Each structure stands twice: as C-alpha cells, then as structure tokens.
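Q: Could you walk me through this one from the start? I have not looked at it before.

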Amino acid sequence: MNIVLLGAPGAGKGTQAQKLVADYGIAHISTGDLLRAAVKAATPLGLKAKKYMDAGELVPDQLVIDLVKERLGADDAQKGFILDGFPRNTVQAVTLDSELSDMGRELDCALLVDVAAEVIVNRLSSRRTCRDCGYTGTAADATCPKCGGEMYQRDDDKAETIQNRLDVYEKSTSPLIEYYRGQGILKSVDGDRPVDEVYTDVKEALNL
Ligand code: AMP
C-alpha cells in the first residue's frame with residue numbers, strides 16, 4: 001500500500017503514520033524527520049536546509065525530491081510506504097507521480113488529516129518532540145514517554161514561525177487536495193479528535 005498523508009503541520013500526520021508503521025510494517029518516509037536528521041548531523045544537505053526550516057519556509061524542491069527518491073529505492077519501501085510531509089507543492093506531486101511510474105508503482109491513496117487552522121495553532125505551540133527518537137508529545141511530557149529522552153520545542157514550533165508555516169501550507173500545499181481529488185484517490189478523516197478515534201477512521205479509509 002502506497003500512501004501520501006496530507007494535512008497542515010500539526011494535523012497529526014506523523015502520529016497516524018507511526019501507528020500504521022507499527023501495525024502494518026510499511027516504511028514511514030517523513031521528509032521533515034529526514035531533514036531534521038540531516039541538520040543534526042550537519043551534512044551538506046542539512047546545512048543548506050536549516051535556514052529554510054527555521055523560517056518555516058519550504059526547502060528547495062530538488063533537495064527534498066532527491067532525498068525522497070533515494071528513500072523510495074530502499075529495501076524497506078518496496079512493500080509499501082507512507083509519505084508524510086511530501087509532496088508539499090504541485091511540482092513535488094507531479095515529480096512523485098513520474099518517479100513512481102518509472103518504478104512501475106503508483107499511489108493507492110492520498111489521505112487528508114483534516115484539522116481547522118485555529119486548532120493547529122494551539123497544538124503546535126504546545127507540541128514537544130523527543131531529541132532522541134522523534135516522538136511527538138506535549139508540554140506536559142517532562143521526558144519522552146517512549147524512550148526517556150529529552151523533550152524539546154522545535155524552533156519552527158515557536159509562535160513567530162507557526163503562522164508562516166500555516167500560510168505556506170495554505171498557499172503551496174493545500175492545492176494538492178484538489179490535485180489528488182482529480183486523480184480519484186483522495187480520502188479524508190476528521191483529525192480534530194482523540195488519536196485512537198482518528199486512527200480507526202484512518203484504517204477504515206485505507207480499507208485496513
Ligand atoms: P515537517 O516536520 O513535515 O513539518 O517539516 C518541517 C520543515 O521541513 C518544513 O517546515 C520545511 O521547512 C521542511 N520540509 C519538510 N518536508 C518538505 C518538503 N516536502 N518540501 C520542502 N520542505 C520540506
């Protein structure tokens with residue numbers, strides 16, 4: 001099963017993806033996680049990407065596309081994948097379609113985790129992330145409930161950057177909803193509910 005997760009930053013895409021990965025063993029390809037790992041390791045890609053990420057802007061398409069292409073070729077992605085945070089604009093979506101078609105593969109579903117902008121602002125400002133395993137929690141988590149690691153606030157989850165990320169989402173990413181509707185593969189779940197209720201709908205939408 002090859003899935004694209006759509007939705008604003010903070011809609012819960014990563015959380016739902018982690019649950020699907022745990023239950024169905026398909027590869028989770030989060031471009032945000034891959035980029036943050038590159039920044040942490042100070043690779044050439046990380047050094048180029050950091051300033052865009054800190055400002056809540058999109059990293060240039062070609063950098064992200066190369067990253068995703070490499071990841072889609074890895075062994076664990078052959079059984080299926082969940083793309084989380086990619087594509088973020090029409091250029092990326094069109095490139096993804098053509099890469100997959102070159103590989104003789106295609107998307108089964110673009111699943112929108114739908115949450116209103118007001119809810120997103122509250123969620124992102126209280127979001128905390130584990131420095132070691134990437135677990136997403138809230139300001140109430142003193143340490144990571146999964147691995148005991150240190151929880152921190154991502155620079156781009158600070159108030160000054162959140163509005164810009166939402167503007168970028170509205171302008172560049174939300175047109176993908178129509179793009180995938182046009183392909184007949186769009187499904188949508190209401191993401192403004194407890195995680196497990198959303199997950200039940202996610203599985204139903206994906207016929208799992
Ligand atoms: P995320 O964790 O998905 O919210 O991504 C964090 C940041 O990484 C974004 O605000 C962008 O700066 C960058 N990023 C992640 N995915 C992409 C993408 N597909 N295209 C461009 N930039 C991206």
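A: Gladly, and one caution comes before anything else: this is a predicted model.

Q: Okay, let's begin with the ligand, then. How many residues surround the ligand, and which are the closest?

A: The ligand is surrounded by 16 residues, and the closest of these are Thr31, Arg36, Glu57, Gly85 and Gln92.

Q: And how does that shell divide into nonpolar, polar and charged residues?

A: Six residues of the shell are nonpolar and six are charged, while four are polar.

Q: Which helix gives the largest share of the shell?

A: That is helix H2, which spans residues 31-40 and contributes four residues to the shell around the ligand.

Q: What lies 2.6 Å from an oxygen atom of the ligand?

A: That is a backbone N or O atom of glutamate 57. Valine 59 also comes in through its backbone, with an N or O atom 3.0 Å from a nitrogen atom of the ligand, whereas arginine 88 uses a polar side-chain atom, which lies 3.0 Å from an oxygen atom of the ligand.

Q: How much of the ligand's accessible area does the protein cover?

A: On its own the ligand has 480 Å² of accessible area, and the protein covers 95% of that.

Q: Switching to the sheets now: in what order do the five strands of the open sheet run?

A: The order is E2-E3-E1-E4-E8, and the strands pair in parallel. At the edges are strand E2 (27-30) and strand E8 (186-190), each of which pairs on one side only. On average, and with direction ignored, neighbouring strands of this sheet are turned by 20 degrees against each other.

Q: Zooming in on one pair, over how many bridges do E2 and E3 pair?

A: They pair over four bridges in the parallel sense, with strand E3 covering residues 81-84. As one example, alanine 27 has phenylalanine 81 in E3 as its bridge partner.

Q: Which helices lie across E2 and E3?

A: H2, the helix from the ligand shell, lies across E2 and E3 and runs at about 65 degrees to E2. Helix H4 (residues 61-72) also lies across E2 and E3, but its angle to E2 is about 170 degrees.

Q: What about the open sheet of three strands, is its pairing parallel or antiparallel?

A: Its pairing is antiparallel, and the strands come in the order E6-E5-E7. Strand E6 (136-138) and strand E7 (151-152) are the edge strands, each pairing on one side only. Strand E5 (residues 127-130) and E6 pair over three bridges, and arginine 128 stands opposite glycine 137 in E6.

Note on methods
Residues numbered from 1 in each chain as written. Predicted model: local features only at pLDDT ≥ 70, side-chain atom pairs only at ≥ 80, totals over all residues. Heavy atoms only, no water. Near = heavy atom within 4 Å. Polar contact = N/O pair within 3.5 Å; in protein donor to acceptor, adjacent residues only side chain to side chain. Areas by Shrake-Rupley, 256 points an atom, 1.4 Å probe, with all protein chains shown as cover. Helix = DSSP H or I, 4+ residues; strand = E, 2+ residues; numbered from the N terminus. Nonpolar A, V, L, I, M, F, W, Y, C, P; charged D, E, K, R; others polar. Pairing = 2+ DSSP bridges. Axes fitted to C-alpha atoms, helices over the stretch in contact; angles between N-to-C directions. Contact = heavy atoms within 4.5 Å.
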